[in-house]
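Here are a few notes from my pass through the model. Have it open while you read.

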Amino acid sequence: MSKFHSIPRILFASFMFVGLMFAWTALSSVSESGAGELHAFVKDQNGQPIEDAVVLATPLDGQNAPLPKQPRNEMDQIDKEYVPHVKVVTADSKVYFPNKDNIRHHVYSFSPAKVFELPLYSGTSAPPVMFDKTGQVTLGCNIHDWMLGYIYVADTPFFGKSAKDGKILIADIPAGEYSVRVWHPDMKGTEESTMRKVTLDITQAISMEWQLTLKPVFRIPRASGSGSTAYR
Amino acid sequence: MRILNFKKLDKAFCLVIPLLCISPIASAEWDGNTDVGIRHDSNINNAQLANDIAGVSALSADVSAIGLFPLENGNSLSITGESRGEAFNHYTGLNNISLGAALAFRKKWALGAYAPWTGLSLSSTHLNFANNIRNGWRNQIAIRGGKRIFERWDVRAEYMVERRTANTLPQDQPGISGDVFSQTSRAMTLNAEYTWSDSLFLTFGSLLRRGDVVASARETTKIISSSQAIARDPVFGPNFYAYRMNGTTYGLNVDMNFAVTSSSMLRASISRQLTHTEGDNNYAKSVQMISWNYNF
């Protein structure tokens with residue numbers, strides 16, 4: 001038999017070998033990355049989806065998860081309001097406070113997690129503020145009393161914030177055991193009361209749902225009955 | 001001889017323009033307001049006797065511009081320019097246009113919405129009436145203070161001294177001045193504002209005023225003997241006189257303000273005032289007002 005008749009068999013065997021190698025490599029890489037997904041839905045006591053709810057997944061193995069590259073953190077001031085209303089950053093993050101109004105603002109906070117003030121400034125002249133302690137930071141403006149914003153300083157890089165539909169996706173979470181909890185600025189009760197343990201793996205995404213009781217919140221209105229200015 | 005040194009002017013511009021750009025003027029908050037309303041006064045002439053009392057309604061329109069200049073350490077300055085007109089359904093001699101300006105300084109004594117504040121304001125307004133016997137200047141100086149005491153309650157107090165100057169009219173009674181529309185008074189007001197919702201506010205106010213009051217009525221011995229100045233007041237009729245006396249006014253008012261849109265507000269108010277004068281020429285009045293305010 002000529003050696004030429006064995007060439008197709010050799011080629012077939014070669015292709016099979018290479019294919020098996022690729023498959024084995026792919027499987028190995030998936031199991032090494034261990035990335036999972038957590039889908040969350042947060043609603044209120046009336047079953048309505050809640051915006052600006054923050055879900056945090058903290059690894060229970062105690063290892064410090066590598067921080068993904070942080071975007072520049074900004075809390076804007078636009079049309080005499082803080083934008084976004086709620087911002088989440090990891091501990092030891094810097095936050096910039098650009099003032100995009102054509103008037104000056106005076107940013108301050110009395111929260112234990114960060115007490116600070118940025119006296120009257122306009123534009124981007126204010127230096128960034130380092131948030132090194134975890135927890136809630138409530139922001140006000142000493143000129144415009146109705147301005148209210150929140151910065152939540154997280155103890156984990158695995159977090160997400162809900163939009164108007166109440167849904168949150170936290171992607172690329174390494175496989176492992178986590179403590180997952182919810183925070184919202186208007187929630188009754190504590191974050192700890194919402195805590196659940198969950199094991200994340202790569203085979204399937206996990207879905208979780210919370211129902212929070214929100215307290216009625218009074219916010220100093222922008223309009224005022226006194227003085228000649230109707231709406232500030 | 002060169003009158004204008006253009007080189008120096010160029011240098012001056014190079015200094016002034018950047019200064020204007022970085023000065024507080026460049027970052028001031030400017031607001032405009034226009035207000036249109038209807039007022040009913042049950043006793044516009046402050047008369048005691050039923051036959052003399054004149055109740056009227058008036059249409060008013062007001063335009064004002066306010067500049068707010070936040071300063072360091074919780075201080076702020078504001079400048080207001082205001083023009084106002086009123087037209088009455090009767091006694092059209094009271095129709096008036098006024099033009100005024102005010103300067104106010106305010107200090108907030110701590111950070112936050114619950115910080116107490118104090119302020120001082122000066123204002124001057126020229127009053128022009130269809131019947132010019134009342135024309136003159138109204139000058140006011142006031143000290144104020146306030147604080148949000150609970151999340152829905154905001155209280156403020158004001159002590160104001162007002163001086164009105166007008167032309168001296170021909171003397172009508174021997175030994176009694178004709179300078180009837182020049183007045184001095186002091187007033188203390190206390191107001192509490194309750195925020196019902198994002199758009200609805202209720203204000204409860206009280207007034208204590210001491211000083212000159214002017215009543216226009218037919219001549220009586222009692223009123224003449226108590227008056228510091230007397231002059232004919234043809235606005236209310238040929239037999240009416242204006243009498244300036246010393247009096248104390250007590251008043252209460254309730255206002256409701258409803259923010260219809262983000263730029264406009266509907267206001268309704270009702271007030272009741274009782275005035276006790278020397279010689280018991282006492283009088284009372286109720287004033288109701290409804291107005292629409294637009295902010296631009």
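**Contacts and salt bridges**

1. Start with A:Thr58, which touches A:Asp155, A:Thr156, A:Glu177, A:Tyr178, A:Ser179 and A:Arg181 once residues up to four places away in sequence are set aside. Keep in mind that this is a predicted model. A:Thr58 sits in strand 2 (residues 54-59) of chain A, and its side chain makes a polar contact of 3.4 Å with that of A:Asp155. Its C-alpha is 5.5 Å from that of A:Thr156, although the two are 98 residues apart along the chain. A:Thr58 counts as buried, because its relative accessibility is 17% and the cut-off is under 20%.

2. Next, look at A:Asp101, in the loop between strand 7 (93-96) and strand 8 (105-109) of chain A. Its side chain has a polar contact of 2.8 Å with that of A:His105. Beyond four places in sequence, A:Asp101 contacts A:Gln77, A:Ile78, A:Asp79 and A:Lys80. At 15% relative accessibility, A:Asp101 is buried.

3. Over all chains there are 21 salt bridges. One of them pairs A:Arg219 with A:Glu81 at 2.7 Å, N to O. A:Arg219 lies in the segment after strand 17 (206-212) and A:Glu81 in strand 5 (residues 81-83), so the pair ties together parts of chain A that are 138 residues apart in sequence.

4. In chain B, a salt bridge links B:Asp212 and B:Arg244 (3.9 Å, N to O). Both B:Asp212 and B:Arg244 are buried. There's also a network of salt bridges with shared partners, joining B:Arg39, B:Asp41, B:Asp62, B:Arg84, B:Glu86 and B:Lys285.

Notes. Residues numbered from 1 in each chain as written. Chains lettered and ligands numbered in written order. Predicted model: local features only at pLDDT ≥ 70, side-chain atom pairs only at ≥ 80, totals over all residues. Heavy atoms only, no water. Helix = DSSP H or I, 4+ residues; strand = E, 2+ residues; numbered from the N terminus. Buried < 20%, exposed > 50% of the residue type's maximum accessible area, 1.4 Å probe, protein only. Polar contact = N/O pair within 3.5 Å; in protein donor to acceptor, adjacent residues only side chain to side chain. Contact = heavy atoms within 4.5 Å. Salt bridge = Lys/Arg side-chain N within 4 Å of Asp/Glu carboxyl O.
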